[in-house]
Amino acid sequence: MSDTSQRRGGFTSAATTRGIRVEVKSTYLSDRSSPKDCSYLFAYHVRISNVGSETAQLVSREWIITTAEGEVERVKGPGVVGEQPVLAPGATFEIGRAHV
C-alpha cells in the first residue's frame with residue numbers, strides 16, 4: 001500500500017511492504033534556496049516503522065525520487081545513513097536531512 005499527499009509545509013509519501021512502513025516528508029526550503037542560481041534546498045524526514053509481527057533489519061535501501069517535472073532518480077545502497085537498524089515489532093527508526 002502506498003500513498004502520496006501534499007500537506008501544509010510539504011509533501012508526504014508513505015508505503016507499507018511486508019510489515020515495514022516507510023513515511024517520507026519533504027519540504028522546500030525557500031529561504032535557503034536560490035532559484036536564480038538554480039539552487040533548490042529541500043529537507044526531508046524519513047520514518048521507518050515495523051508494523052509487522054516479526055523483527056526486521058534494514059540492510060539495504062532504494063529511494064525512488066521523482067521531481068515535479070516527472071524525472072526519476074534511483075538511489076540504492078547498504079543500510080541508511082551508515083546504519084543497519086534492527087526493528088522489533090512496533091519499533092521505529094527516523095532520520096532527517098537537507099539536500100540540494
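Author: A patch, as the word is used here, is made of residues with over 30% relative accessible area and no salt bridge, and nonpolar side chains, Tyr and Phe among them, are joined within 5 Å. In this predicted model, Tyr 28, Tyr 40 and Phe 42 form such a nonpolar patch on the surface, and together they have about 280 Å² of accessible area.

The setting comes next. The protein chain contains nine strands and zero helices, and, read along the sequence, its pattern is β-β-β-β-β-β-β-β-β.

Residues count as buried under 20% relative accessible area and as exposed over 50%, and because Tyr 28 has a relative accessibility of 35%, Tyr 28 counts as partly exposed. Tyr 40, with a relative accessible area of 37%, is partly exposed, and Phe 42, at 38% relative accessibility, also counts as partly exposed.

The rings themselves also pair. Rings are taken as a pair if their centres lie within 6.5 Å, and by this rule the count comes to two aromatic pairs. In one of them, the rings of Tyr 28 and Tyr 40 have their centres 6.4 Å apart and their planes at 40°, so the pair is tilted. This pair links distant parts of the chain, with Tyr 28 in strand β3 and Tyr 40 in the loop between β3 and β4, 12 residues apart. Tyr 28 also forms an aromatic pair with Phe 42, and this pair too is tilted, at 5.3 Å centre to centre and with 50° between the planes. Here again distant parts of the chain are linked, as Tyr 28 belongs to strand β3 and Phe 42 to strand β4, 14 residues apart. Taken together, the ring pairs link Tyr 28, Tyr 40 and Phe 42 into a cluster, and these three residues are those that form the nonpolar surface patch.

Some values for the whole chain complete the view. The accessible surface of the protein chain comes to about 7200 Å², and 51% of that surface belongs to carbon and sulfur atoms. Of its 100 residues, 21% count as buried. Among contacts in the protein chain with a separation of 6 or more, 43% are accounted for by residues 24 or more positions apart.

Terms used. Residues numbered from 1 in each chain as written. Predicted model: local features only at pLDDT ≥ 70, side-chain atom pairs only at ≥ 80, totals over all residues. Heavy atoms only, no water. Patch = residues over 30% accessible without salt bridge, like charges linked within 9 Å, V, L, I, M, F, W, Y side chains within 5 Å. Areas by Shrake-Rupley, 256 points an atom, 1.4 Å probe, with all protein chains shown as cover. Salt bridge = Lys/Arg side-chain N within 4 Å of Asp/Glu carboxyl O. Phe/Tyr/Trp six-rings, centres within 6.5 Å; stacked < 30°, edge-to-face > 60°. Helix = DSSP H or I, 4+ residues; strand = E, 2+ residues; numbered from the N terminus. Buried < 20%, exposed > 50% of the residue type's maximum accessible area, 1.4 Å probe, protein only. Contact = heavy atoms within 4.5 Å.
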